[in-house]
Amino acid sequence: MQIYSEVGKIAITSLVSIVVLFGLCKLVGQRQIGQMSLFDYVTSITIGSIAAELATDLEAWWQPLTATVVYGVAALCIDWFTCKSIVLRRFFNGRPVVLYQNGRLYPKNLLRARLDLNEFLSQCRVAGYFDLNQLESAVLETNGQISFLPSSQFRPATPSDLQLSPQPEGLWCALVLDGSPLMDNLEAIGHNSAWLQEQLTARGYKSSKEIFLAMYGPQGQLALYPRQCRPERDWFE
């Protein structure tokens with residue numbers, strides 16, 4: 001009976017840690033690892049470690065729980081203050097660093113960014129720039145990614161360059177996900193399940209169960225992706 005009791009306690013504390021972590025993540029916001037500042041990254045690792053301790057420390061579970069909440073609230077407060085203060089934002093998140101501009105490399109800024117020349121050239125190649133003359137500037141952002149601005153003669157042509165005025169694309173919405181019709185989206189575009197069934201029948205499908213994904217475009221386009229669909233050839237062997 002003692003074993004069952006211990007297992008039950010672990011299960012309860014684990015669920016509590018999951019709920020606390022989920023709540024804190026919702027408060028802090030949805031950002032990918034590449035979008036995190038150094039402080040956010042360290043804080044998230046620390047919170048995860050404390051939450052893991054919360055799930056297993058049955059004698060004094062409230063201690064890691066308190067620490068988790070304190071770390072989460074502190075991170076939330078710092079994020080709020082950095083949004084309001086340029087000085088604090090520069091202190092916690094740093095500032096963008098210009099690595100290359102107008103045909104000139106800046107060795108001191110590369111050293112400041114902890115980037116050697118080979119790694120910088122590798123990042124340029126990954127971005128599609130094998131010749132530095134194709135670049136106007138390269139800036140290391142505060143999230144650790146490098147932003148590249150191509151020279152005007154090497155950037156892709158835009159409709160304004162060609163004096164064109166294309167129609168706005170708009171957003172596509174999903175009408176069927178994994179065989180299930182999305183009634184709210186159907187109502188939002190002014191249609192119903194009967195209309196959807198008519199569209200499917202006209203294209204040779206008996207029901208939405210045969211459709212893996214159906215998308216509706218701003219100009220009334222309907223794109224269907226059947227469930228049973230395989231590539232004609234496996235190109236990656």
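Biologist: What do the buried residues of α8 pack against?
Modeller: They pack against β5, β6, α7 (183-188), β7 (211-216) and β8, where packing means contact, with heavy atoms within 4.5 Å. Helices (H or I, at least four residues) and strands (E, at least two) are DSSP runs, numbered from the N terminus. One heads-up: this is a predicted model, where local features need pLDDT of at least 70, side-chain atom pairs count only at pLDDT 80 or more, and totals for chains, interfaces and linings use all residues. Residues are numbered from 1 along each chain as its sequence is written, and side-chain values use heavy atoms, with hydrogens and water left out.
Biologist: Fine. Which residues of α8 are buried?
Modeller: In α8, which covers residues 193-202, the buried ones are W195, L196, Q199 and L200. Buried is under 20% relative accessible area, exposed is over 50%, and partly exposed is in between (1.4 Å probe, protein chains only).
Biologist: Why do those four end up on the same side of α8?
Modeller: Because they cover an arc of only 135 degrees around the axis; the arc uses directions from the helix axis to the C-beta atoms.
Biologist: And what sits on the face turned away from the buried side?
Modeller: E198 and A202, both exposed, are carried on that face of α8.
Biologist: Now the strands. In which order do the four strands of the open sheet run?
Modeller: The order is β6-β5-β7-β8, and the pairing is antiparallel. Strands count as paired if DSSP finds at least two bridges between them. At the edges you'll find β6 (180-181) and β8 (222-226), each pairing on one side only.
Biologist: How do strands pair, in general?
Modeller: Strands of a sheet pair through backbone hydrogen bonds, parallel or antiparallel.
Biologist: How many bridges are there between β5 and β6?
Modeller: Two, with β5 covering residues 173-177 and pairing with β6 in the antiparallel sense. If you want a landmark, look for V176 opposite P181 in β6.
Biologist: And how many bridges join β7 to β8?
Modeller: Five, and β7 and β8 run antiparallel. M215 stands opposite A223 in β8. β7 and β8 make a hairpin with five residues between them, and G220 in the turn has a positive phi of about 85 degrees.
Biologist: What do β3 and β4 form?
Modeller: A hairpin, with five residues between the strands and G144 in the turn at a positive phi of about 90 degrees. β3 and β4 pair in the antiparallel sense over five bridges, and V139 stands opposite S147 in β4.
Biologist: Which residues touch the most other members of the largest nonpolar core?
Modeller: L99, F120, I146 and F148, out of 14 residues in that core. A nonpolar core is a set of buried Ala, Val, Leu, Ile, Met, Phe, Trp, Tyr and Cys residues joined through side-chain atoms within 4.5 Å. Two or more residues each come from β1 (97-101), α6 (117-126), β3 (135-140) and β4 (146-150). There's also a second, separate core of 12 residues, with L186, L196, L200 and L224 among them.
Biologist: What does F120 touch?
Modeller: Leaving out residues up to four places away in sequence, F120 touches L99, Y100, L105, L110, L132, A138 and I146.
Biologist: Switching topic: is L111 buried or exposed?
Modeller: Exposed, because its relative accessibility is 62%. L111 belongs to helix α5 (residues 107-112). From L99, L111 is 12 residues away in sequence and 9.7 Å away in space, C-alpha to C-alpha.
Biologist: And S151, buried or exposed?
Modeller: Buried, because S151 has a relative accessibility of 5%. S151 sits in the loop between β4 and β5. Beyond its neighbours within four places in sequence, S151 is in contact with N133, Q134, L135 and E136.
Biologist: What does the side chain of S151 reach?
Modeller: The backbone oxygen of L135, at 3.3 Å. A polar contact is a pair of N or O atoms within 3.5 Å; within protein, one must be able to donate a hydrogen and the other to accept it, and residues adjacent in sequence count only if both atoms are side-chain atoms.
Biologist: Last one: how many helices and strands does the chain have?
Modeller: Eight helices and eight strands. Of the chain's 237 residues, 24% count as buried.
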